Amino acid sequence: MGTPTAHPLEHVYPDEPQPGHQATRRVELDWLRMLVVLATIPFHAVPIIGASRTVLMVSAESNPLLMILGGFVLTWGIPLIFLMSGAAAKLALDVRPPGAYMRERLLRLGVPLLLMLFLLSPIQIYFILLSNPSLIQMGPKYGITITFPEPERIGDFLYFYQQYLHFLFTSVRGFTPLIDSLILGHLWFVPRLLVVSFVSLPLLLYLRGRGRGMTERLTATAAAHPAVLLLGGALVPAVLVALLQPGWLNRLMAGWAFTDDWPAFSLNLVMFLYGTLIYSSERLCATVRAQAIPALTLGVVCAGIVVTLILLGRAPAIGYSPASLLFVLAETLMAWLPVLALLGLAMRYLTVSTPVQRYLSDAVFPVFVLHGPLLTASSYYVLQLPLPAIVQLVLVLIVTVAGAFGIYEYVVRRTPVTRLLFGVKATQAAKPALRG
């Protein structure tokens, strides 16, 4: 009875199964994506507030432990999203033809992306600039500078929006790093996910058809030999990252989309494919469940090694030396093993479907889309109150979460148009919240 999804934080539940197929709901993926969203909101709150409070921003940037902790979360957080999306793609293709799968991906990802680009990002950037006008000129390291002919009018949203559109249509060429981090905001990874979904489709269809025997051999080997799953699973992305990390492909393809971080792109592509493989075999799923604790333990060890080397200034220079290759392998294990552990733990303990969980499954992506502009707007007003920083942070989080769920409940889910804009099935009638 769930709705199909095609975005990274929502599972795929086909509403029109093909003859001979039955829609499958994997509750653990529901819970995982909800936990990702709940963790994302406070994770984004600190830097957004930091952009408004220079002292917080300076403090965060000068604290290496805080920066390393944030980097560690990003190391496995985005790969987890791509792995869940790969699992969702596999389950979608079980009951949908490739054309319907591609069309659904475009609607569920592309439409919210356009909404972000033309409405939500302007609101988000507007309040950041109001909070810290020194950021009006930004982006010089990318060769692009945002300027306002009349900076004294920055408080006029219509003027700001006009300048925003002017910058968008005249100064931006392609998906530069600036566009990823500024214009697309917290949806910066969505275009990459669309590309991964489409470029991997021929391979997914091959593995489901003529290559089915190879798929069965791969999954059977990983299921029978946990070391292959735990350690061998990191070898393929580690080789790609090590090959691309020196940046030769970036220079060769300068100006192309996604060329700012080919190593991360290749890692996420492999994670997407791993998601499809894991959910292609119940035996492999059982092995993932069984190896959750060992994966978590090894992941913590690898993270400790990487963090220690970075703090001591002993991390090897990027290149093809043996030390550099071993360091890349440790970094890749630091990403792969926590992802595997979280999936295994979810398969163990997050398997019960409840009315609240089903409601949140539909709400989670709209809440994710909305939380960015709500964070910046609430930060602007709350930070003007004479309160301790921790109290301000708590207030901002309360306002953001309550506002996002309120907008979802009373606006987004009420009409087909608003549901479509936020990546929710537009034809599904709104039901009373939290009822079974």
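Helix H7 (residues 190-199) packs against helix H13 (residues 262-278) at an angle of about 55 degrees, and their axes lie 10 Å apart. Here an axis is a line fitted to C-alpha atoms over the stretch in contact, and angles run from 0 to 180 degrees between N-to-C directions. That makes H7 oblique to H13, since angles under 35 degrees count as roughly parallel, over 145 as roughly antiparallel, 65 to 115 as roughly perpendicular and the rest as oblique. On the H7 side, the contact (heavy atoms within 4.5 Å) is made by Arg192, Leu193, Val195, Val196 and Ser197, and on the H13 side by Phe265, Leu269 and Phe272.

All this comes from a predicted model, where local features need pLDDT of at least 70 and side-chain atom pairs count only at pLDDT 80 or more, while totals for chains, interfaces and linings use all residues. Residues are numbered from 1 along each chain as its sequence is written, and side-chain values use heavy atoms, with hydrogens and water left out.

Now for Thr215, which sits in helix H9 (residues 212-224). Helices are DSSP runs of H or I with at least four residues, numbered from the N terminus. With 8% relative accessibility, Thr215 counts as buried; the label means under 20% relative accessible area, against over 50% for exposed and in between for partly exposed (1.4 Å probe, protein chains only). Leaving aside residues up to four places away in sequence, Thr215 touches Leu207, Leu277 and Ser280.

What about the cysteines? Cys285 is buried at 0% relative accessibility, and Cys302 is buried too, at 12%. The disulfide count is zero, a disulfide being a pair of cysteine sulfur atoms within 2.5 Å.

Definitions and conventions
Helices (H or I, at least four residues) and strands (E, at least two) are DSSP runs, numbered from the N terminus.
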